Amino acid sequence: MLRVPLPCGRFGFGGRAGKLLAQISHARAVGARTPMDFRSKLAAAWQRHDSLLCVGLDPDPSRFPAHLKGRPDAVLAFCKGIVDATADLACAFKPQIAYFAAARAEDQLQDLIAYIHAHHPSVPVVLDAKRGDIGATAQQYAREAFERYAADALTVNPYMGFDSVEPYLEFSDRGLIVLCRTSNPGGSDLQNLTVEGGRKLYQHVAELVAGKWNVHGQNALVVGATFPEELAEVRAIVGELPLLVPGIGAQGGDVEATVKAGRTASGAGLMISSSRAILYAGSGEDFAARARAVALATRDEVNLYRS
């Protein structure tokens with residue numbers, strides 16, 4: 001089921017910002033999201049860009065270059081710079097909604113995703129929100145992600161069971177990326193608990209998401225790079241299911257161990273996410289060029305271990 005993004009209010013900016021926002025308004029008007037389901041779009045990006053790198057977009061205004069600080073569109077301008085510099089190196093972009101919300105920049109997030117769809121339509125957008133609720137509330141979260149923001153995929157929390165993810169399945173062409181074995185140390189408090197049959201809870205989640213819950217074949221899992229042995233176990237359970245893998249870069253996950261543990265037989269199957277190491281590689285007016293250099297090095301390092 002394809003949906004057209006809902007419009008929002010315009011900014012009253014002139015100059016370069018005004019031109020950019022005019023382009024974004026046009027992108028919204030024509031419904032710029034590529035009419036391709038998430039899994040197909042991701043597979044095409046893996047091949048076209050020869051990349052398993054997912055570029056995380058976690059904009060922290062306190063770390064922006066000086067020339068952007070104070071601009072009303074600073075979040076959008078910063079992220080647009082990163083996107084344009086790295087789009088040909090990425091298999092996905094992953095904006096983290098909390099960073100935009102904390103900066104009161106939800107409209108800029110909406111505009112950013114519209115910009116990506118218009119100017120880099122081959123790169124899927126994963127909205128990292130980790131939503132988890134049931135009934136009418138989950139329906140509204142689904143509309144927020146897939147109608148307002150027009151994301152290609154959304155991260156969700158499985159703790160409340162199938163009825164907490166079921167409302168998202170109305171959007172049959174969008175990806176549902178479910179938390180499984182996360183990269184934070186505290187994830188072991190629950191995810192390593194033994195459940196019926198002697199399996200760990202994260203293994204049970206992996207089986208559900210790859211099986212009964214994968215109604216439209218658009219599911220994926222979040223599995224952290226900081227636990228390569230568990231990553232390999234999940235891959236054995238889920239077959240070709242895509243895995244979103246945070247934890248390299250600033251979190252210290254080992255690239256070689258991650259790729260070897262999580263790759264599919266074809267050398268794909270992964271969205272290896274790096275955010276801060278790329279975003280804040282530079283702090284001057286050349287921030288985007290420095291981000292590109294780190295993204296290129298990361299993609300190439302990942303590719304060393306794909307076969």
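## Overall make-up

Of the 307 residues in the protein chain, 54% count as buried (under 20% relative accessible area with a 1.4 Å probe, protein chains only). This is a predicted model, where local features need pLDDT of at least 70 and side-chain atom pairs count only at pLDDT 80 or more, while totals for chains, interfaces and linings use all residues. Residues are numbered from 1 along each chain as its sequence is written, and side-chain values use heavy atoms, with hydrogens and water left out.

The chain has twelve helices and eight strands, taken from DSSP runs (H or I, at least four residues, for helices; E, at least two, for strands) and numbered from the N terminus. For contacts (heavy atoms within 4.5 Å) with a separation of 6 or more, 74% come from residues 24 or more positions apart.

## The nonpolar core

The largest nonpolar core holds 91 residues, and Leu221 and Met271 have the most contacts inside it. Such a core is a set of buried Ala, Val, Leu, Ile, Met, Phe, Trp, Tyr and Cys residues joined through side-chain atoms within 4.5 Å.

Leaving aside neighbours within four places in sequence, Met271 touches residues including Phe38, Leu42, Cys91, Ile177 and Leu244.

## Helix 3 against helix 12

Helix 3 (residues 74-86) packs on helix 12 (residues 287-303) at about 45°, with the axes 9 Å apart; the axes are lines fitted to C-alpha atoms over the stretch in contact, and angles run from 0 to 180 degrees between N-to-C directions. Helix 3 meets helix 12 through Phe78, Gly81, Ile82, Ala85 and Thr86, and helix 12 answers with Phe287, Ala288, Ala291, Arg292 and Ala295.

Notes. Buried < 20%, exposed > 50% of the residue type's maximum accessible area, 1.4 Å probe, protein only.
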